[in-house]
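Subject: Structure for you to look at

Hello,

I am passing on the structure below, together with notes on what was found in it. Please have it open while you read.

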Amino acid sequence: MTATGTATSQTPSATRRITGVALASVSGVAVAVQSRINGELGVRLADGFAAAVVSFGLGLLVLVPATPAGRRGLVALRSALRTGVLRPWQCLGGTCGAFLVATQGLTIGRLGVAVFTVAVVAGQSGSSLAVDRAGIGPMGRQPVTRQRLAGAVLTVLAVVLAVGDRLSDPGSLALALLPLLAGVGVAWQQAANGRVRAASGSALTATLVNFTVGTVALLVAFSIDLAGRGWPVGHLPSEPWLYLGGPIGVVFIAIAATVVRFTGVLLLGLATIAGQVVSAVLLDLVLPTPASHPGVTTVLGAALTMAAVLVAALAPPARSRRRPAADPARR
């Protein structure tokens, strides 16, 4: 981001794009593992909001010791907010991350990781196209090419195929709408965090802002949940691995905030999806939950998602317009 708050118009080198795609794919595996962890934690606590608070809160605690190292980034961030280079609403990406983590605890126990992931994929792909086209991310406006559009459409078809065997269960189908909406929010979150990273010059600062905002949002939601339903009937589990969701999320957010300026929101999302889908189906096959025994349609839906990723990823690099895109907040 420049001093005027506009996005860069330079096209990243092929090496940076490839490195960004590789890192995003690895982080996608981490997201699928996080989904399984938080889903199981939600089942143990019998409360998805409580599981989300634990996950996000632990992620924030991991970041607190690193705050002094990111002090320079926080100073730059305050300056960017004061001068109008960055708008306050662009620091709210963590709310979308909070919603995603909450849906993990609320739905995976019933949907399984594979269906959950494919639903997130469908929402994220379409939303990424819109976010890139609007120039919300740090790369500025990215045109909607035929191959990029085809990749997004194929992912929507994939989610329909993957949840096709759930059409007779309206309850499960309705639950799939939650991760679908979460996927829509993930694209905006990645763009917003990329803006924060560009303004602060620090991926650590962007990650800290994300987890602080998300934790506050989840505490508000959990308080409302407590007022309506009372204290969760479940108990905190003793297995240490069930508390790794937050630290895994820190890694994912930091990677996304760093590489989105090289890949754009759509390619970042699709590369992440590639790692997510493969690992999600494998998790459901190797370590199934009572509700996650993926059938043929789920596996085919995941395969179609992979095909969609390849279609969009093999498209020629989309060049942003010569004139840098104006900050959407100034329109």
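Helix 4 passes helix 8 in a right-handed crossing (a crossing is right-handed if the near helix is turned clockwise from the far one by less than a right angle, and left-handed if anticlockwise). Helices here are DSSP runs of H or I with at least four residues, strands are runs of E with at least two, and both are numbered from the N terminus.

This is a predicted model, in which local features need pLDDT of at least 70, side-chain atom pairs count only at pLDDT 80 or more, and totals for chains, interfaces and linings use all residues. Residues are numbered from 1 along each chain as its sequence is written, and side-chain values use heavy atoms, with hydrogens and water left out.

Back to the first pair. The axes of helix 4 (residues 93-111) and helix 8 (residues 203-229) cross at roughly 55° and come within 7 Å; axes are lines fitted to C-alpha atoms, for helices over the stretch in contact, and angles run from 0 to 180 degrees between N-to-C directions. Contact means heavy atoms within 4.5 Å. On the helix 4 side, Gly-93, Gly-94, Thr-95, Ala-98 and Ala-102 meet Asn-210, Val-213, Gly-214, Ala-217 and Leu-218 of helix 8. Five of these contact residues are nonpolar, five polar and none charged (Ala, Val, Leu, Ile, Met, Phe, Trp, Tyr, Cys and Pro count as nonpolar, Asp, Glu, Lys and Arg as charged, and the others, Gly among them, as polar).

A second pair is helix 2 and helix 9 (residues 245-286), whose axes come within 7 Å and cross at roughly 60°. Ser-55, Gly-59, Val-62 and Leu-63 of helix 2 make this contact with Gly-245, Gly-246, Pro-247 and Val-250 of helix 9. Here the residues divide into four nonpolar, four polar and no charged. Helix 2 also passes helix 9 in a right-handed crossing.

Ala-46 lies between helix 1 (14-45) and helix 2 (48-63). The phi of Ala-46 is near 60°, a positive value in a residue other than glycine. Most residues other than glycine have a negative phi.

Buried residues (under 20% relative accessible area, with a 1.4 Å probe and protein chains only) make up 53% of the 331 residues. Of the contacts with a separation of 6 or more, 87% are between residues 24 or more positions apart.

Regards

Notes: Buried means under 20% relative accessible area, exposed over 50%, partly exposed in between (1.4 Å probe, protein chains only).
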